[in-house]
Amino acid sequence: MVEVLLRRVLRTIPVLLGISALVFVSMRLIPGDPALIYAGDQAPGELVAKIRVDLGLDQPLVSQYVIFLRRAIEGDLGVSIRTGQPVAAELMRRYPLTLLLATAAILFSVAVGLPLGILAAVNRGRWLDKTSVVIALVGVSAPTFLVGIVLQLALAVKLGWLPVTGSTSWLHLVLPAVSLGAFPVANITRLLRTSLLEVFGEDFVRTARAKGLPETLVVVRHALKPALIPAVTIIGLQFGAMLGASVFAEAVFAWPGVGRYLVAAIGYRDYPVVQGAVLLLALTYVVINAAVDVTYGRLDPRVR
Amino acid sequence: MATALVPPPQAAPEPGRRWWVQLRRDHAGMTGLAVLSLIVAAAIVGPIVTPDDQFQPNLQQTFLPPGGGHVLGTDQLGRDLLARVVAGARASLLSGLAALAVSLAFGVPAGLVAGYSGGRWDDVVMVAVEILMSFPGVLLAFLAIAVLGPGQQNVVLAVGLASTPIFARLVRGSARAVREQEYVMAAVALGATPSRVAARHVLPGCLAPVVVIGVLRLGTTIVTIAGLGFLGMGGDPARPEWGAMLSQGQEFLRRAPHIALVPGGAMLLTVLSVNLFGDAVADALNPRVLSRRAHRGG
């Protein structure tokens, strides 16, 4: 087990190096002299030259990348061009909010998607199944920002049950989490339904039924566990994908997470912030995917 | 003119036709196709027949609800929402197709060469694909926008680049399988050059999965483009684009919710019908595809 874990962790290293190199090179592709952007248009020549040395811009590109990487590992992501604040600290202030939002969304989608998928499979072909298929189809097709706006209109603006925007209370978390979770609800439902229906055809399920177990016990005790294995993978992957999609929920509900910070930074062409935010979200994504792989290995005896 | 016009023999449907026969039996898919055709027709005809003044701001007619002179009402600047949403359909469909074309233009050749020739080029492509696919797609698009700057063309390019690795990997896999087919070996034995073998013999064998995944990705692509428009990355906010319209409509949810709901509804209808049709095409071309590999757009 430890070996599997270790090997998986080692495999993320080249990917992380690749991601950091890609982000680094992208930022260098942006037209304009970074030192001049930092210093501002009216800055005196000596200041620009000093910043160029400070940023290591006078060195060859490969050394620049190594410097960038070493500083990033030490937690130094440079300072924001717009505010002059250290990027790492700004990101860490917002990161918990994005993680909280993504976690709440995945909990919501599991809480709704699992029962819905089970009910659909058990009632195959009946109205409940057909309804769940329609819900899943709409959920997969509707983008987060559209779901968000419709929920905001109905539950916040019209009915006034929940706050419209902001992040000052737990109630503020509900709408962004639900709109972010709508897509995985659809995905989990579809997948669990399909995999349960497959498991229902297996011999051991027939045996369980033949020995007279009530249908509920057949599902809960025998069919659910093998059917959940692919679902766990999807849940994990969806959790990772939320780090990208949370940007849209954050935008609709003015949720002050990393995504909103990133979008604003792209607008202001605040490159150190773009660089740091993309790195942070991509790193989280890679770590989550590695964790999913390891969990999968523990759940599925064939992999273990 | 002595040659008799012999009618071609009525043969059983050739293999290439069978998928179409199956597709026609898929009611959900055909409904999707019908709705999509209506949307496409509206997107083509609509902007031609719409008088120009419908797009102009008219401060005497702001926030009109649906019904009356303006079927879908007017927006905060008094522009006709029907005219704008139809123009938005054209923009969305064209942008979505253009972004797909970008992914194909980069992804298919890269995957073909990697899969057919193998070796070092294969390693390079696969490492690149692995790295690019370890990002959430949206983040990759953001990164591209940060480099290219905002604007609709750049949004299309960014979204297209973000899904390039999917097609590169797909085509590489097929090319590796097709490479081993006897007819390819025969072409090689006959002395065809590698580039000719790759383009004329291997590539056609790789196209069916590309079509399936391409149709399935179209919905995601449209949604992602609208999402970037929603975030204000599409440039000129006056242009009728669904994402930007939705974003402006959000400001007036209390006063005139239809400004957001009209483009939102159009977007949902389009993506739903594209996805229904895409599922049906996937089922017809490849019965082993059990469920849609849904990818998240916005």
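1. Contact between the chains. In this predicted model, 45 residues of chain A and 40 residues of chain B take part in the contact. On the side of chain A that touches chain B, the elements giving two or more residues are helices H1 (2-29), H6 (127-141), H7 (144-158), H8, H10, H11 (258-268) and H12 (271-299) of chain A. By class, that side of chain A holds 34 nonpolar, 10 polar and one charged residues.

2. The nonpolar core. The largest nonpolar core has 164 residues. Those with the most contacts inside it come from both chains: Leu262(A), Ala277(A) and Val278(A), together with Ala141(B), Phe142(B) and Ile145(B). Helix H10 of chain A, residues 215-253, gives the most to this core, namely 18 residues. As a general point, nonpolar side chains in soluble globular proteins tend to be buried together.

3. Val278(A). Which residues does Val278(A) touch, leaving aside those up to four places away in sequence? In chain A the partners are Val23(A) and Leu262(A). In chain B they are Leu139(B), Phe142(B) and Leu143(B). Of these partners, Leu262(A) and Phe142(B) are also listed with Val278(A) among the residues with the most contacts inside the core.

4. Helix H11 of chain A. Eight of the 11 residues of H11(A) are buried, so this helix is largely enclosed by the rest of the structure. The buried residues are Val258(A), Gly259(A), Arg260(A), Tyr261(A), Leu262(A), Val263(A), Ala265(A) and Ile266(A). What do the buried residues of H11(A) pack against? Their partners in chain A are H5, H10 and H12, and in chain B helix H5 (137-148). After H11(A) comes Arg269(A), whose phi is positive, near 55 degrees.

5. Helices H5 and H8 of chain A. The axes of H5(A), residues 87-122, and H8(A), residues 171-200, come within 6 Å and cross at roughly 35 degrees. The crossing of H5(A) past H8(A) is right-handed. Sorted by class, their contact has 23 nonpolar, five polar and one charged residues. H8(A) is also one of the elements on the side of chain A that touches chain B, while H5(A) is one of the helices against which the buried residues of H11(A) pack.

6. Chain A as a whole. Chain A has 12 helices and zero strands. The C-alpha trace of chain A spans about 85 × 55 × 30 Å along its principal axes. Of the 304 residues in chain A, 40% are buried. Taking contacts in chain A between residues at least 6 apart in sequence, 72% join residues at least 24 apart.

7. Chain B as a whole. Chain B contains 11 helices and zero strands. Its length is 298 residues, of which 48% count as buried. For contacts in chain B between residues at least 6 apart in sequence, 70% join residues at least 24 apart.

8. Confidence in chain A. The average pLDDT of chain A is 86, and 98% of the residues score at least 70. Where among the elements of chain A is the mean pLDDT lowest, and where highest? The lowest mean, 75, belongs to helix H2 (residues 34-39) of chain A. The highest, 93, belongs to H5(A), the helix whose crossing with H8(A) is described in point 5.

How values were computed: Residues are numbered from 1 along each chain as its sequence is written. Chains are lettered from A and ligands numbered from 1 in the order in which they are written. This is a predicted model: local features need pLDDT of at least 70, side-chain atom pairs count only at pLDDT 80 or more; totals for chains, interfaces and linings use all residues. A nonpolar core is a set of buried Ala, Val, Leu, Ile, Met, Phe, Trp, Tyr and Cys residues joined through C-beta atoms within 7 Å. A residue is buried if 20 or more other C-beta atoms lie within 10 Å of its own, exposed if 12 or fewer, and partly exposed in between; C-beta atoms are placed from the backbone. Helices (H or I, at least four residues) and strands (E, at least two) are DSSP runs, numbered from the N terminus. Two residues are in contact if their C-beta atoms, placed from the backbone, lie within 7 Å. Axes are lines fitted to C-alpha atoms, for helices over the stretch in contact, and angles run from 0 to 180 degrees between N-to-C directions. A crossing is left-handed if the near helix is turned anticlockwise from the far one by less than a right angle, and right-handed if clockwise. Ala, Val, Leu, Ile, Met, Phe, Trp, Tyr, Cys and Pro count as nonpolar, Asp, Glu, Lys and Arg as charged, and the others, Gly among them, as polar. pLDDT is the predictor's confidence in each residue, from 0 to 100.
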